[in-house]
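User: Hi! Could you walk me through this structure in a few questions and answers?

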Amino acid sequence: MKHCGTQELTTERLVLRRLSIDDSEVMYNNWARDKQVTKYLRWNAHRSWGETAETLNEWEKHYNDPKFYQWGITDKHSEVLMGTISLCPAPMLKTGWHLNTERLGAPWEVGYALGRKWWNKGYMTEALCAVRDYWFDTVGADWLAAVHANENIASAAVLEKAGFVYDHDVTDRKFDGTPVPCRAYHLLKEEL
């Protein structure tokens with residue numbers, strides 16, 4: 001793999017771009033404070049605009065790292081920021097893959113959040129397909145992992161539309177340690 005970091009990606013309707021602290025208010029208002037959006041995520045809804053600003057400040061510090069992948073999802077025409085999508089090394093507790101991970105390498109996992117206003121319009125699948133293609137074609141990775149809470153059937157649909165295949169059940173954890181029953185998926189470059 002040749003890590004290339006967060007580069008701008010475009011699709012038919014979207015621009016995936018780096019985020020900055022200037023995006024704090026919009027991110028907070030459009031999804032970070034929404035408990036329905038964060039219900040199945042590892043992090044809880046932000047309690048204040050300042051919490052969102054702290055998150056974005058940390059992300060900004062890492063954009064020079066070629067192994068840091070964090071995009072804001074924006075509407076190509078209106079430039080409205082509607083969500084985020086990221087790639088990161090999967091936590092070591094996620095074992096049990098029905099793949100030869102020794103040959104393929106350690107898992108990297110995709111994660112995403114989208115404001116409710118933009119649900120059920122295909123935006124997340126479109127963003128995920130752009131990141132998937134970037135991961136395989138530009139970075140040169142052989143596989144990608146994803147995990148969603150069992151109850152999050154919308155996330156399952158997004159993953160399956162992007163070509164991911166169910167692999168196994170796993171118990172994931174929120175950042176506060178709360179266990180969450182999940183389903184793990186994989187996508188192999190060679191199967192696209």
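**A first look at the model**

Gln36 is partly exposed, at a relative accessible area of 46%, where buried means under 20%, exposed over 50% and partly exposed in between (1.4 Å probe, protein chains only). This is a predicted model, in which local features need pLDDT of at least 70, side-chain atom pairs count only at pLDDT 80 or more, and totals for chains, interfaces and linings use all residues. Residues are numbered from 1 along each chain as its sequence is written, and side-chain values use heavy atoms, with hydrogens and water left out.

User: Which residue does the side chain of Gln36 join in a polar contact?

Analyst: Gln36 sits in helix H2 (residues 35–38); helices (H or I, at least four residues) and strands (E, at least two) are DSSP runs, numbered from the N terminus. Leaving aside neighbours within four places in sequence, Gln36 is in contact (heavy atoms within 4.5 Å) with Arg116 and Trp119. A polar contact is a pair of N or O atoms within 3.5 Å; within protein, one must be able to donate a hydrogen and the other to accept it, and residues adjacent in sequence count only if both atoms are side-chain atoms. At 2.6 Å, the side-chain partner of Gln36 is Arg116.

User: How far apart in space are Gln36 and Arg116, C-alpha to C-alpha?

Analyst: In sequence, 80 residues separate Gln36 and Arg116. In space, their C-alpha to C-alpha distance is 7.9 Å.

User: How many disulfides are there?

Analyst: A disulfide is a pair of cysteine sulfur atoms within 2.5 Å. The count is zero. Cys88 is in no disulfide, as the nearest cysteine sulfur, that of Cys182, is 14 Å away. Cys182 is in no disulfide either, so the number of disulfides is zero.

User: Is Cys182 buried or exposed?

Analyst: Cys88 has 31% relative accessibility and counts as partly exposed. Cys182 has a relative accessible area of 4%, so this residue is buried.

User: Which elements do the buried residues of H3 pack against?

Analyst: In H3, Thr52, Ala53, Leu56 and Trp59 are buried. They cover an arc of only 125° around the axis (taken from the directions from the helix axis to the C-beta atoms), so they lie on the same side of H3. Glu54 and Lys61 are exposed on the other side. The buried residues pack against helix H1 (24–32), strand S3 (69–75) and strand S4 (81–89).
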